[in-house]
Amino acid sequence: MCSSKSFGTQIKTLTIESGEIGESAFRSETDSTTKIENLTLGDGVTSIGNYAFWNNQITELYFPKSIKSVGTSPFFGNTIETLTIEQCTTGICIKGTTGNK
């Protein structure tokens, strides 16, 4: 489980192959100069916590079918232009992408 609060992280490219992504795990503060731009979620990721990637610079997002739960606004404040959903019948994936382009 990714659960550390990495405010102001220096990560620009991040790949998470499996597990649960905890609340505010990679949240970026407004005044941070370095933000995540490239995010890859592997087929083993099962949940994304509240505000997990809040206020980064992610432009493309792929939701694998393994995701079973999405918290409140995990991608709010990004610049997502392309969203690919492998399979999502409950609507949880769309809920997680509000506050983007």
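The model is predicted. Its protein chain has 101 residues, and the secondary structure amounts to 1 helix and 5 strands. The order of elements from the N terminus is β-β-β-β-β-α.

**Overall figures**

- Of the 101 residues in the protein chain, 43% are counted as buried.
- The protein chain has an accessible surface of about 5,200 Å², and carbon and sulfur atoms account for 48% of that surface.
- Taking contacts between residues at least 6 apart in sequence, 38% link residues at least 24 apart.

- Strand S1 (13-21) and strand S2 (38-48) are paired in the parallel sense, with 8 bridges between them.
- Within this pairing, Gly 44 of S2 is the residue opposite Ser 18.
- S2 also runs parallel to strand S4 (residues 69-70), to which 2 bridges join it.
- Ile 48 has Val 70 of S4 as its bridge partner.

**Nonpolar core**

- The largest nonpolar core holds 19 residues.
- The members that touch the most others are Ile 21, Phe 26, Leu 39, Leu 41, Ile 48, Phe 53 and Phe 75.
- Strands S1, S2 and S3 (60-63) are the elements that each supply two or more residues to this core.
- The biggest contribution to this core comes from S2, which gives 4 residues.

**Asn 55**

- Asn 55 is located in the loop between S2 and S3.
- Asn 55 counts as buried because its relative accessible area is 13%, under the 20% cut-off.
- A polar atom of the Asn 55 side chain lies 3.2 Å from the backbone oxygen of Ser 28.
- Apart from neighbours within four places in sequence, the residues in contact with Asn 55 are Ser 28, Glu 29, Thr 30, Lys 35, Phe 76, Gly 77 and Asn 78.

**Confidence**

- Mean pLDDT for the protein chain is 82, and 78% of the residues reach 70 or more.
- Among the elements, S1 has the highest mean pLDDT, at 96, while helix H1 (residues 92-95) has the lowest, at 58.
- Over residues 2-9 pLDDT stays under 50; for this stretch the model has 25 contacts beyond four places in sequence.

Definitions and conventions. Residues numbered from 1 in each chain as written. Predicted model: local features only at pLDDT ≥ 70, side-chain atom pairs only at ≥ 80, totals over all residues. Heavy atoms only, no water. Core = buried A, V, L, I, M, F, W, Y, C linked by side-chain atoms within 4.5 Å. Buried < 20%, exposed > 50% of the residue type's maximum accessible area, 1.4 Å probe, protein only. Pairing = 2+ DSSP bridges. Contact = heavy atoms within 4.5 Å. Areas by Shrake-Rupley, 256 points an atom, 1.4 Å probe, with all protein chains shown as cover. pLDDT = per-residue confidence, 0-100. Polar contact = N/O pair within 3.5 Å; in protein donor to acceptor, adjacent residues only side chain to side chain.
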